[in-house]
Amino acid sequence: MAKLTVEDLELEGKKVLMRVDFNVPIKDGVIGNDNRIVAALPTIKYVMEHGGRAILLSHLGRIKKEEDKPALSMRPVAERLSNLLDKPVTFVPVTEGKQLEDAIDNMNNGDVLVMENTRYEDVVDGENVKRESKNDPELGKYWASLGDVFVNDAFGTAHRSHASNVGIASNMDQAAAGFLMEKEIKFIGNAVDNPVHPFVAILGGAKVSDKIGVINNLLSKADKVIVGGGMTYTFYAAKGIKIGNSLVEEDKIDLAKEIMEKAGDKLVLPIDSVIAKEFNNDAESKIVDNDIPDGYMALDIGPKSVDLFKDVLKDAKTVVWNGPMGVFEMSNFANGTLEIGKFLGTLSDATTIVGGGDSTAAVQQLGVADSLTHISTGGGASLEYLEGKTLPGIASISEK
Ligand code: AMP
């Protein structure tokens with residue numbers, strides 16, 4: 001796979017439409033965490049330094065009615081970006097029309113402009129018409145007409161076909177990946193399509209039902225698939241192991257059986273658990289092998305499972321990890337996730353990839369993120385990528 005990237009583009013004097021992911025947490029106009037803005041800086045700066053005129057588009061939250069708009073304006077984001085770049089950034093409070101077109105005409109090389117929230121187009125004249133979110137063909141065409149080239153750096157929306165990603169790309173001669181997007185394609189795309197073996201997948205988190213697609217796809221690609229976290233106990237139930245009050249999806253027990261039959265010894269389950277009587281960090285806990293006694297629930301994998309998993313992982317050359325091994329949000333049940341994260345950091349010959357969502361939160365909270373090769377920025381997008389699906393946002397980027 002060779003997608004066009006921002007480095008392949010001639011940028012000098014060009015109007016560069018850029019789809020970025022500025023969907024930051026925002027309350028009363030105050031940005032809670034600007035990680036996503038910071039993450040987009042390398043691509044924005046590259047465009048500026050190469051004489052491009054950066055026209056930035058992003059969605060922010062969800063807009064279902066006219067009254068949702070003021071709280072989800074992109075203005076504070078443009079202000080934060082201006083601080084981070086230490087340079088004025090033009091904010092245009094509309095998503096189409098003369099004011100936007102004039103502002104773009106007035107740009108000089110190296111300038112940056114932020115357009116209002118693309119999802120303002122979801123509600124027009126009070127009606128929830130979803131022009132952006134349903135990829136209205138006229139809207140994509142219009143936005144495309146505002147620029148010369150298109151750079152998509154918003155991996156988090158790559159699993160959606162919206163006007164601001166797919167719509168624009170399909171109306172441009174050249175649609176390229178930004179640096180963030182390029183990294184996601186390189187690491188997740190390669191792991192799924194072309195992994196260096198041995199390839200081990202670690203799947204955890206709460207529910208089997210959320211991960212069926214990922215389990216099935218990775219079972220067909222990986223040499224071993226380790227299962228941990230809450231979904232373990234649906235597999236335990238399928239094996240006839242006692243699970244006490246642990247998390248279980250009764251309607252997925254048959255599916256778990258099917259998966260185990262198909263997978264054989266490729267699937268590796270925990271052999272011990274940290275259990276407690278309540279879902280509470282202060283609940284008294286103990287460690288048991290296999291069977292969970294009545295009245296107890298399993299909240300983390302135990303030390304024997306950690307050793308077993310390390311043994312499976314030690315020779316791996318590619319590791320993909322999605323979902324924590326236990327209730328990592330509670331310090332007394334974070335150990336399994338922490339130990340596996342730390343161990344992955346020691347695998348210097350391996351490409352270690354964390355697949356987004358809660359897994360990203362877990363490795364960041366536990367302080368092991370820096371020792372891993374790639375931490376995905378997308379939640380739903382990474383999951384669908386790991387399921388082997390074609391992501392429309394990536395498919396719409398031009399081939400080299
Ligand atoms: P997911 O979004 O599917 O990756 O699930 C992440 C959530 O699974 C986290 O909030 C964890 O607290 C939760 N989780 C992990 N292990 C367990 C467990 N043994 N019992 C209940 N919840 C769990």
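Predicted model: local features only at pLDDT ≥ 70, side-chain atom pairs only at ≥ 80, totals over all residues.

The largest pocket holds about 640 Å³ of space. Sorted by class, the lining of the largest pocket consists of 13 polar, 11 nonpolar and 6 charged residues.

At least two lining residues come from each of α1 (35-49), α6 (179-193), α12 (358-365) and β19 (374-375). Among the contributors, α1 gives the most, with 4 residues.

The position of the pocket follows from the layout of the chain. The protein chain is divided into domain 1, residues 6-182, and domain 2, residues 195-386. Because both domain 1 and domain 2 give residues to the lining of the largest pocket, this pocket lies between them.

How far apart do the C-alpha centres of domain 1 and domain 2 lie? The separation is 36 Å. Where the domains meet, 6 residues of domain 1 are in contact with 8 residues of domain 2. About 550 Å² of area is buried between domain 1 and domain 2, and carbon and sulfur atoms give 65% of it. On the side of domain 1, the residues that lose the most area to domain 2 are Phe155, His159 and Leu180, which together account for 77% of what that side buries. Between domain 1 and domain 2 the count of salt bridges is 0.

The next space to consider is the second largest pocket, with about 490 Å³. It is lined by 31 residues, and Gly205, Ala206, Lys207, Pro324 and Asp358 lie nearest its centre. Two or more lining residues come from each of α7 (208-221), β16 (297-301), α12 and α13 (380-386). The largest share of this lining, 4 residues, belongs to β16. By class, the lining of the second largest pocket has 14 polar, 11 nonpolar and 6 charged residues.

Asp358, one of the residues nearest the centre of the second largest pocket, is found in helix α12. Leaving aside residues up to four places away in sequence, Asp358 touches Pro324 and Phe328. Asp358 and Gly379 are 21 residues apart in sequence, and their C-alpha atoms are 7.9 Å apart in space.

Charged side chains also form pairs in this model. Counting pairs with a side-chain nitrogen of Lys or Arg within 4 Å of a carboxyl oxygen of Asp or Glu, there are 18 salt bridges. One of them joins the side chains of Asp34 and Arg80, at 3.0 Å from N to O. Asp34 lies in the loop between β3 (30-31) and α1, and Arg80 lies in helix α2 (residues 75-85), so the pair ties together parts that are 46 residues apart in sequence.

Two details of the backbone remain. Most residues other than glycine have a negative phi, and most peptide bonds are trans. Against that background, His197 and Pro198 are joined by a cis peptide bond, with omega about -5°. Pro198 is located in the loop between α6 and β11 (199-203). Asp28 is not a glycine, yet it has a positive phi of about 50°. The loop that holds Asp28 runs between β2 (26-27) and β3.

Conventions: Residues numbered from 1 in each chain as written. Heavy atoms only, no water. 1 Å grid on protein atoms, 1.4 Å probe; cavity = no way out; pocket = protein on both sides within 12 Å on 5 of 7 lines; lining within 4 Å. Points joined across faces, edges and corners; volume = space filled by probe spheres on them. Nonpolar A, V, L, I, M, F, W, Y, C, P; charged D, E, K, R; others polar. Domains from an automatic or database assignment. Contact = heavy atoms within 4.5 Å. Buried area = accessible area lost by both parts, 1.4 Å probe.
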